[in-house]
Amino acid sequence: MPKLFEIKFPGECKTLPEGFWSAVDVWIKKPHVVNKRLCGVKETESRDVGREAVLSLLEEPDLAQDVLSFMACCRNTPENTHEKETPWVSSVRTFIPKVNNYGTNLHKEVILKDFGRQQVTFVPFEEDSEGKVSLKRGNIYQFQLLHQDCEEWSLELHVLASDQWFSDGVAYPRLPWLSSDLLPKLVRWATECKSSEFRSTLSLLPVEKYSVMYQTLKEKYKAMVKVWPEVTDPEKFVYEDVAIATYLLVLWEEERVEKGLTEKQSFVDLGCGNGLLVHILANEGHPGKGIDVRRRKIWDMFGPQTLLEEKAITPSESFLFPDTDWLIGNHSDELTPWIPVIAARSSYSCRYFVLPCCFFDFFAKYQRRHCKKSQYKEYIDFITEVSVVSGFNTEEDCLRIPSTKRVCLVGKSRNYQISDEAEAEERRAHYIQSRQKASGATVQRSGIRSDGSCCHGEGDPDRTPDSSWGVGFQPRDKVEMVRNCAALPRDLVNGVVLQVANVILGMTEEDGGGSSSDWNRGGSLSVNEAAGLMKQETLQLLKKECGGLQTLLKNNHQVFRVEGGRVYIRDWRDRKASRADTKRKPLAPGALKTRACWFYDHHPQRCPLQAELCAFAHGPDELRPSTKPLKKMRHNAFI
């Protein structure tokens, strides 16, 4: 009898049995969402197979018979199932590991779905470079949905030979992980049965190529994390730009193969920000440049081969790029809706890639129109509409980046013939006019020839090379306004922190608070309840900041933990609360404590950590000024 693990579904589940198969499809098609050592899988098309086909597929007769017996060993076989054989739905998936040094063998699984018995069986095998197959008998496993007494649902995990189970943590996870991590997730997915508003990640690319290139670029540019001179999080921004660069490089490589191109595509990144994406693309052989209204410190580190221009971009004939293959908008804010338009007006062959973030229309902030959609989905649909009206066959994809705004739009081809350029331009101009606000802004037509090229005012005495068809557009200020509560008066911030903390610490058991066994953590407040404690003038100041009170509380990470819209006192002894190991190690010798410990100064029981374990100063004697110099690095050290 195979080893068995079982989880019962909570209460009445109206999503079953359909939700079970939806959950199984997540594990089959996107195992990387739970197995973080995988980049993804490559799956063959599903086909119906019978008993003889399974015997042929598994090749080894004895093993095939064991698998068939294993699949038939279930407790809810419908009547007459054995009298009339029902076919299985079979497919094969090939695992794509994140690491590039996982050996030369391909790691695969035969997947057999039995909709009659509500079960799915996974038969792993390896295939060497010569096509020789070796089946992994000890790692054959199965999920089965059971409906007991027509009332209670449960999900079982069966293993053919648990004593022979092999694990390497990548294609072959540990057996306890299947039961303790994957099985509960399948139950949750089956219960929620949510369908995403967007496409699966990397749906336009071969995942295996993406995985290999991402690991290569990540290794090549990881040194940037250590020398990042900006105030932003280096790991997030470096690895995010590496992932975006990987996506574009694979996309462009596929385009060269498809079109038979020999030269690498040129590009312009509009609103390039820190310029790292431009640097990576240029360093990988693509000619191009980045333009942004504000110069960044990191620009000086890239060297002369990375072309970056400090310039305000205004949609006009002065900002057309007829000799450029691709325009890029990576979190390009107010330029986002204009990028498909600029690409369309630059030349008939110009393509674009845009990754929308903040919600902007052509001349103002984007205003919601559909309350049934999420704001993000509605904005993606708006940019898609702009793209289609601009004349592009528009494709949507989802990137693998550490960001909540991961959906990109790609315009690789036109939805009209080049001879119809004049009519296409009429549609663009009319659409932009229809999006105008009551600001009095006027929109002019661009000078576009019927062949799709820009005339730059030639032949029209009333037009100049600087003629703007984006009058009313407001580029961002060159000097960036800090609106993350960091520029608020220190006395104001300290007062808010102390006021909220004292209320939480003073909560009793009746209102959700109380003390732990040895240190008072108080209760919790919703962000709205915390806002109710503030004076009106304080709230008015906070409303001018991005995120308001919640941002201020999150900024004071030493004191508060903000989760699910509620505010808690942070206990640095708690692994989850402190994001650190519970077995805290003493600070390194010579470590400087540059900030005072709030708990030592304000908590009735002081800090729960001993001085040698706390990263903050317990009293003025421990407080030291920061003397850490800005890290510098030669620009060619990471090329």
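**A guided look at helices and sheets**

Guide: Let's start at S387, which has its place in helix α10, residues 375–390. Keep in mind that this is a predicted model.

Visitor: Why is S387 called buried?

Guide: Buried means under 20% relative accessible area. S387 has a relative accessible area of 0%, so the word applies.

Visitor: Which residues does S387 touch, leaving out those up to four places away in sequence?

Guide: They are P340, Y352, F392 and T394. Contact here means heavy atoms within 4.5 Å. Y352 also turns up in a strand pairing, where L327 stands opposite Y352 in β14.

Visitor: What makes β13 and β14 a pair?

Guide: Two strands pair if DSSP finds at least two bridges between them. Strand β13 (residues 326–330) and strand β14 (residues 351–355) are joined by five bridges, so they qualify, and they run parallel.

Visitor: Which sheet holds these strands, and in what order do its strands come?

Guide: An open sheet of seven strands, ordered β12-β11-β10-β13-β14-β16-β15, with mixed pairing. β12 (307–310) and β15 (392–398) each have a single partner strand, so one side of each lacks a neighbour in the sheet and they stand at the edges. On average, neighbouring strands of this sheet are turned by 20° against each other, direction ignored.

Visitor: Which helix lies across β10, β11, β12 and β13?

Guide: That is α7, running at about 170° to β10. Helix α7 (276–283) is also among the elements that cover the buried residues of α5, together with β2 (38–43), β4 (88–97) and α6 (234–259).

Visitor: How do you know that the span of α5 agrees with what a helix of 15 residues should have?

Guide: At 1.5 Å a residue, helix α5 (residues 207–221) should span 21 Å, and its end C-alpha atoms are 21 Å apart, so the two agree. Its buried residues are V207, Y210, S211, Y214, Q215, L217 and Y221.

Visitor: What makes β17 and β18 edge strands?

Guide: They belong to an open sheet of three strands with the order β17-β19-β18 and antiparallel pairing. β17 (524–526) and β18 (560–563) each have a single partner strand, so one side of each is left without a neighbour in the sheet. Neighbouring strands here are turned by 25° against each other on average, direction ignored.

Visitor: Why do β17 and β19 count as paired?

Guide: The cut-off is at least two bridges. Three bridges join β17 to β19 (residues 566–569), so the antiparallel pair meets it. In this pairing S526 stands opposite R566. Helix α12 (residues 490–505) lies across β17, β18 and β19, at about 80° to β19.

Notes
Residues numbered from 1 in each chain as written. Predicted model: local features only at pLDDT ≥ 70, side-chain atom pairs only at ≥ 80, totals over all residues. Heavy atoms only, no water. Helix = DSSP H or I, 4+ residues; strand = E, 2+ residues; numbered from the N terminus. Expected span 1.5 Å × (residues − 1). Buried < 20%, exposed > 50% of the residue type's maximum accessible area, 1.4 Å probe, protein only. Axes fitted to C-alpha atoms, helices over the stretch in contact; angles between N-to-C directions.
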